[in-house]
Amino acid sequence: MTAERPVMVDECEFENDLWHVSVKRGAIASAAESEELESRLEMKLPGMVFPRNELSCVLRPQASSCSLESSALSSGAGFKFTAINALATVAKQAEPDLSVGAAEAWQRGNQARLQSVQMAELPHATDWTYTCKYTGSLTGLREITPAMTRINMEECRRTDLPIAFYGESMLYEDELDDHGASTCSARIRVMPTFMLVLLRFFLRIDGVLVRIHDTRFYHDFRSRVLVQHIQHREAKHEAYRALRSSAPQSAFGSPDQLSLHLPVVSESLHNYEIPIAPQAAFAS
């Protein structure tokens with residue numbers, strides 16, 4: 001009997017006085033892993049799923065200079081993003097007005113495989129666009145209401161500050177049978193005085209729609225407030241055609257650029273208490 005090869009995962013870590021950051025990147029799910037995940041999630045998986053990829057930010061217990069909320073800290077207070085948790089938020093069916101040629105091609109190409117998973121409802125149980133509204137998995141953080149603290153975008157745009165750490169991890173992606181792209185990814189940038197984390201779902205259906213669902217986490221290390229900003233941008237049908245006419249062609253190859261031209265559909269702001277003394281302590 002041949003022993004299974006060990007699963008290789010590349011992990012980059014970073015610590016400062018407040019946070020332990022981990023960015024994990026591994027291989028695409030194997031055939032056996034995909035079958036198990038499809039059964040567990042009751043869905044057809046995207047073309048590429050990275051089950052071991054993860055971005056996590058956990059408060060360090062020893063960071064506290066006092067005894068504030070030690071129980072929360074010892075339990076790993078913080079937040080993370082994983083492919084499995086993201087896919088769990090994908091709807092069972094796509095929006096009716098997105099039933100275009102791409103959807104029909106997807107159904108034809110995946111019907112046989114879906115039926116082999118022996119779930120009578122499964123052939124029609126997956127949103128073929130893989131749209132998710134995952135906003136992260138939070139642990140041990142108390143929400144502050146009403147939310148008053150926002151992301152300091154002026155500081156985030158500064159180019160004179162050194163980058164202490166940068167990492168990114170793809171959670172899943174699919175080419176929608178060559179009719180566009182659907183991706184979910186996470187990235188983090190740590191600067192001397194703050195960190196900014198972005199979880200982004202990006203969807204492009206050629207000739208039909210562009211959709212971006214962003215969740216940002218921001219922490220100014222001098223503050224006891226973690227900011228979570230959730231924003232949904234979209235242009236569909238007529239709005240998409242107008243966007244194609246008004247936005248630079250180069251923007252359609254870059255979600256970062258394209259987001260500057262997409263109208264905001266909805267957004268929300270959340271604040272969470274950082275249960276430790278604020279510090280101006282920077283990277284180790």
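**Figure 1. Strands E2 and E4 of the predicted model pair in an antiparallel manner.** Strand E2 (residues 19-26) is joined to strand E4 (residues 54-59) by six bridges. Trp-19 has Leu-59 of E4 as its bridge partner. Helices (H or I, at least four residues) and strands (E, at least two) are DSSP runs numbered from the N terminus, and two strands pair if DSSP finds at least two bridges between them. Residues are numbered from 1 along each chain as its sequence is written. Because this is a predicted model, local features need pLDDT of at least 70 and side-chain atom pairs count only at pLDDT 80 or more, while totals for chains, interfaces and linings use all residues; side-chain values use heavy atoms, with hydrogens and water left out.

**Figure 2. An open sheet contains five strands.** The strand order is E1-E2-E4-E5-E6, and the pairing is antiparallel. Strand E1 (9-15) and strand E6 (137-139) are at the edges; each has a single partner strand, so one side of each lacks a neighbour in the sheet. On average, neighbouring strands of this sheet are turned by 15° against each other, direction ignored; axes are lines fitted to C-alpha atoms, for helices over the stretch in contact, and angles run from 0 to 180 degrees between N-to-C directions.

**Figure 3. A salt bridge connects Arg-25 and Asp-10.** The closest N and O atoms of the pair are 3.8 Å apart; a salt bridge is a side-chain nitrogen of Lys or Arg within 4 Å of a carboxyl oxygen of Asp or Glu. Arg-25 belongs to strand E2 and Asp-10 to strand E1, so the pair ties together parts 15 residues apart in sequence. Arg-25 is partly exposed at 38% relative accessibility, and Asp-10 is partly exposed at 40%. Buried means under 20% relative accessible area, exposed over 50%, and partly exposed in between (1.4 Å probe, protein chains only). The whole structure has 17 salt bridges.

**Figure 4. Further salt bridges involve Arg-222 with Glu-155 and Glu-234 with Arg-211.** Arg-222 and Glu-155 meet at 3.2 Å, N to O. Arg-222 is in the loop between strand E11 (209-220) and strand E12 (225-236), and Glu-155 is in helix H5 (residues 153-156), 67 residues apart. Arg-222 is partly exposed, with a relative accessible area of 44%, whereas Glu-155 is buried at 9%. For Glu-234 and Arg-211, the closest N and O atoms are 2.6 Å apart. Glu-234 lies in strand E12 and Arg-211 in strand E11, 23 residues apart. Glu-234 is buried at 14% relative accessibility, and Arg-211 is buried at 3%. A network of salt bridges links Arg-187, Arg-200, Asp-214, Arg-216 and Asp-256.

**Figure 5. The largest nonpolar core has 48 residues.** A nonpolar core is a set of buried Ala, Val, Leu, Ile, Met, Phe, Trp, Tyr and Cys residues joined through side-chain atoms within 4.5 Å. Trp-19, Cys-57, Phe-79, Phe-81, Tyr-172 and Ile-188 touch the most other members. Strand E10 (residues 194-205) supplies the largest share of this core, six residues. Another core, of 11 residues, lies apart from it and includes Ile-212, Tyr-240, Phe-252 and Leu-258.

**Figure 6. Residues 113-124 have pLDDT below 50.** The protein chain averages a pLDDT of 85, and 80% of the residues score at least 70; pLDDT is the predictor's confidence in each residue, from 0 to 100. Residues 113-124 have 20 contacts in the model beyond near neighbours in sequence, a contact meaning heavy atoms within 4.5 Å. Where pLDDT is low, the predicted coordinates should not be read in detail.
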